[in-house]
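Subject: Structure handover

Hello,

Here is the structure you are taking over. Please open it first, and then read the notes below with it on screen.

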Amino acid sequence: MAYLASQNQSITPPVQISGSMKSLNSIYALHKKLEDDQIIIAYEGELNPQITNSVLTITEKNLDKKIPTTQARRKAFHIAVECLQNISTHSEKIEKYPNSIFMIGQEGDEFFVSSGNVINSNKVGSLQRRLDQINNLDKEGLKQLHMQVIKESLLKQESSNAGLGLISIARKSGKKIGYQFVEMDSENSFFSFQATFLKEPEAV
Amino acid sequence: MENFIRIGNNETPNISLNPILGRLEFSGKSLPEDSFSFFKPVLDWIDEYLDFPVARTEIDIKLDYFNTSTGVVLGKVFNKFQEKENVVVHWFHLSEDEDMLESGKEFEELSKLNFEYHEFQ
């Protein structure tokens, strides 16, 4: 096991009440892994509007504790909201794979907000095109696209803000959005998403 | 026509709409997942108000955070006041929140309304 406590740490003999030893070991391993990687929040499970709201409440508390600069905290929260709401509102539920994952952490001079959820494979192409379109735009281009999409949404009687979340995330992040699709079965793919931003704003 | 008052929480803003004073105030946080349903009564109230608006309407936007769907609704609110006389939008942003200031400028550009900018703590 990769994350077992190292030899020099004292480990009390586990008292096994029921179930397997594997789960006893892995809870410490998982805790240690999350601590070592300085994870600010991690959630794995279903994301419906109610749960999303609770996750956001905890996220905000943890960000207040763990991110010292106001600006970085705001960015992280903004990206977290759009990221979670993209999954819980805009993606259709797939019964076979109800769970999503969401995480905020840090690596070097950056914070990251990541998520993963299962989508129907026939959505991969259009989502990839949209992400590539966003990633190919510079700051001004993103602003123009953002305003254009808002204008279009305003004209519609049926209110929608489709696509705005991703553009907004890209604008907050100032970096390219990272993504990956992994085929899970003949119909479904896992969509991994990551937005990063600098801990300290770049000097202008 | 009656005042419209909603007390906000973690997810929704405080809203106060006063037809006598011609004052529409939004403050706090706004991140409802379904902003369009949440703000429907506000948009309906504004439609009614615009039948007989007072001489000067002031719209205070004092949000420390709003999600993108709230942004579209704000756009709809401003659109309703296009081509009306004497409308001022007071756009507040927390000090150092450049992004919020920039959002205000974008809404000003989109709506062509008269925006005034204020900082708050």
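This is a predicted model: local features need pLDDT of at least 70, side-chain atom pairs count only at pLDDT 80 or more; totals for chains, interfaces and linings use all residues.

Is Val88(B) buried or partly exposed? A residue needs 20 or more other C-beta atoms within 10 Å to be buried. Val88(B) has 16 C-beta neighbours inside 10 Å, so Val88(B) counts as partly exposed. Leaving aside residues up to four places away in sequence, Val88(B) touches Glu58(B), Asn114(B) and Glu116(B). Val88(B) is 87 residues from Met1(B) in sequence, and their C-alpha atoms are 21 Å apart in space.

Leu17(B) sits in strand β2 of chain B, which covers residues 14–18. Leu17(B) counts as buried because there are 22 C-beta neighbours inside 10 Å. Residues up to four places away in sequence again left out, Leu17(B) touches Asn3(B), Phe4(B), Leu24(B), Val42(B) and Trp45(B). Between the C-alpha atoms of Leu17(B) and Ser103(B) there are 22 Å, and 86 residues along the chain.

Next, the sheet in chain B. Six strands make up an open sheet with mixed pairing, in the order β1-β2-β3-β4-β5-β6. Which strands stand at the edges? They are β1 (4–6) and β6 (114–120) of chain B; each has a single partner strand, so one side of each has no neighbour in the sheet. From one strand to the next, the twist averages 15°. Strand β5 (residues 87–94) of chain B runs parallel to β6(B), and seven bridges join the two. Trp91(B) has Tyr117(B) in β6(B) as its bridge partner. Helix α3(B) packs on the sheet, where it touches β5 and β6 of chain B. The direction of α3(B) makes about 160° with that of β5(B).

Now the place where the chains meet. Here 18 residues of chain B are in contact with 23 residues of chain A. On the chain B side, the elements that give two or more residues are α2 (68–80) and α3 (98–111). Which element gives the most to this side? It is α2(B), with seven residues. By class, the side of chain B that touches chain A has five nonpolar, seven polar and six charged residues.

The buried residues of α2(B) are Thr68(B), Ser69(B), Thr70(B), Gly71(B), Val72(B), Val73(B), Leu74(B) and Phe78(B).

Chain A comes next. How many helices and strands does chain A have? Its secondary structure comes to six helices and five strands. Read from the N terminus, the elements of chain A follow the pattern α-β-α-α-β-β-α-α-α-β-β. Chain A has 204 residues, of which 25% count as buried. Among contacts in chain A with a separation of 6 or more, 65% are between residues 24 or more positions apart.

The five strands of the sheet in chain A have the order β1-β2-β3-β5-β4; this sheet is open, with antiparallel pairing. At its edges stand β1 (41–45) and β4 (178–183) of chain A, each with a single partner strand, so one side of each is left without a neighbour in the sheet. The twist averages 15° from one strand to the next. Five bridges pair β1(A) with strand β2 (residues 100–107) of chain A in the antiparallel sense. Tyr43(A) has Phe102(A) in β2(A) as its bridge partner.

Last, a pair of helices in chain A. The axes of α4 (residues 124–135) and α6 (residues 164–173) of chain A come within 10 Å and cross at roughly 30°. The crossing of α4(A) and α6(A) is right-handed. Arg130(A), Leu131(A) and Ile134(A) in α4(A) meet Leu166(A), Ile167(A) and Ala170(A) in α6(A). The residues of this contact divide into five nonpolar, no polar and one charged.

Regards

Note on methods:
Residues are numbered from 1 along each chain as its sequence is written. Chains are lettered from A and ligands numbered from 1 in the order in which they are written. Axes are lines fitted to C-alpha atoms, for helices over the stretch in contact, and angles run from 0 to 180 degrees between N-to-C directions. Helices (H or I, at least four residues) and strands (E, at least two) are DSSP runs, numbered from the N terminus. A crossing is left-handed if the near helix is turned anticlockwise from the far one by less than a right angle, and right-handed if clockwise. Two residues are in contact if their C-beta atoms, placed from the backbone, lie within 7 Å. Ala, Val, Leu, Ile, Met, Phe, Trp, Tyr, Cys and Pro count as nonpolar, Asp, Glu, Lys and Arg as charged, and the others, Gly among them, as polar. A residue is buried if 20 or more other C-beta atoms lie within 10 Å of its own, exposed if 12 or fewer, and partly exposed in between; C-beta atoms are placed from the backbone. Two strands pair if DSSP finds at least two bridges between them.
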